[in-house]
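Here is my note on the model. Please read the points alongside the coordinates.

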Amino acid sequence: MLRTILLTGGVMGAALSGYLPLVYAQKKRLRPPGALDEKDFLSSCIKCGQCVQVCPVQAIKLADLVDGFGVGAPYIDAREQACDFSCDAVQCILACPTGSLVYKKPAFLGVRKGAKLAAAPILKAKEKDAEPTLNLSERIGVARLTRPEACLAIQGKGFKGQVRGASFKGRMRYMEVNRWKPIRVADHPYDVAECDLCVRECPVKGAISIETVFAPDGTKRKSPVVHEPCVGCGVCEMICPVEPTCIVIDAREVWNT
C-alpha cells in the first residue's frame with residue numbers, strides 16, 4: 001500500500017514539474033540590452049553570468065525556478081534596479097560569450113517591426129564626448145505611463161526627499177557626483193517644484209519629455225510623454241517616487257507609431 005502511494009506521488013510530482021515551467025514561462029522578463037528575440041535568447045544563452053559580473057549597478061540578475069524554461073537566464077527587474085548605462089559601452093554585450101546579447105543581430109535573424117531604433121541612442125552622460133551614442137540597434141522594451149491619475153507631474157505636484165525611501169538599494173550614476181561611480185539613489189535626495197524625475201534621470205536623450213496635454217475635461221496638464229528613442233532601460237520606472245510606480249517598462253514591446 002505504502003509503495004503504491006509513494007509511486008503515485010512520484011509520478012504526479014514528475015508530471016507537475018513538467019507543467020510548472022510552462023506556467024511560469026508566461027512571465028515576461030526584461031532582458032539585458034542587446035538581447036536576441038526571446039526564443040533565440042533562451043536557446044543560445046548558457047547562463048554563465050558574465051553579463052551579471054560586469055554590470056556596474058548590478059542591474060542584471062539570473063532567474064530562478066519561477067521563470068520556468070528561462071531558469072538561470074539573465075533579466076532586469078527595472079523597479080528594483082534599472083540599467084542606467086553607467087558603463088557607457090554596454091559591457092554586458094561585450095561580456096556575452098555566445099552572442100545572446102549583441103550590438104547588431106546577424107543578418108539571418110529577423111528584426112521585429114518597431115524593435116529597431118531609428119538612430120543610435122544618444123547617452124546624455126556622453127553628450128560632450130567625441131562619440132556620444134550607444135552602440136545599440138534595438139530596444140529591449142518601451143516605457144508606458146500606466147497610472148496617470150497618480151503621476152505627480154500630471155497633478156502639478158513636486159517631490160522632496162529620498163526617492164523610494166532611505167532603505168532603497170537601487171543605484172545610479174549622477175554625473176554631477178561622479179561619472180564612474182554610481183551611488184545609491186537614497187543618497188541623492190531631490191527637491192523639485194514639479195516632479196520630472198522620469199525625464200530628468202532618463203539616460204537617453206529625447207526618450208521622454210514633459211509635455212502639455214489636455215485632460216478629458218479640457219484642462220491643460222503636464223505629463224510625461226515617451227518618444228521613439230526610448231530603449232526600455234527602466235530608469236524611469238525605478239526613479240518614479242510614487243508607489244506603485246506610475247510608469248513601467250513593457251518588456252520586449254516595440255515602438256508603435
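Is isoleucine 239 buried or exposed?

1. Isoleucine 239 has 0% relative accessibility, so it counts as buried. The cut-offs: buried is under 20% relative accessible area, exposed over 50%, partly exposed in between (1.4 Å probe, protein chains only).

2. On the basis of the values: this is a predicted model, where local features need pLDDT of at least 70, side-chain atom pairs count only at pLDDT 80 or more, and totals for chains, interfaces and linings use all residues. Residues are numbered from 1 along each chain as its sequence is written, and side-chain values use heavy atoms, with hydrogens and water left out.

3. Isoleucine 239 belongs to helix H7, residues 235-239. Helices are DSSP runs (H or I, at least four residues), as are strands (E, at least two), numbered from the N terminus. Leaving aside residues up to four places away in sequence, isoleucine 239 touches Val163, Met172, Tyr174, Val185, Tyr190, Leu197, Cys198 and Glu201. Contact means heavy atoms within 4.5 Å.

4. The structure has 1 aromatic pair. The ring centres of tyrosine 174 and tyrosine 190 are 6.4 Å apart with planes at 55 degrees, so the pair is tilted. Pairing needs centres within 6.5 Å; planes under 30 degrees apart are stacked, over 60 edge-to-face, the rest tilted. Tyrosine 174 sits in the loop between strands S5 (171-172) and S6 (183-184), and tyrosine 190 in strand S7 (residues 190-192), 16 residues apart. Both tyrosines are buried.

5. Arginine 29 places its charged end over the ring of tyrosine 75, 3.8 Å from the centre. The criterion: NZ of Lys or CZ of Arg within 6 Å of the ring centre and within 35 degrees of the ring normal.

Terms used
Rings of Phe, Tyr and Trp (its six-membered ring) pair if their centres lie within 6.5 Å; planes under 30 degrees apart count as stacked, over 60 as edge-to-face and the rest as tilted.
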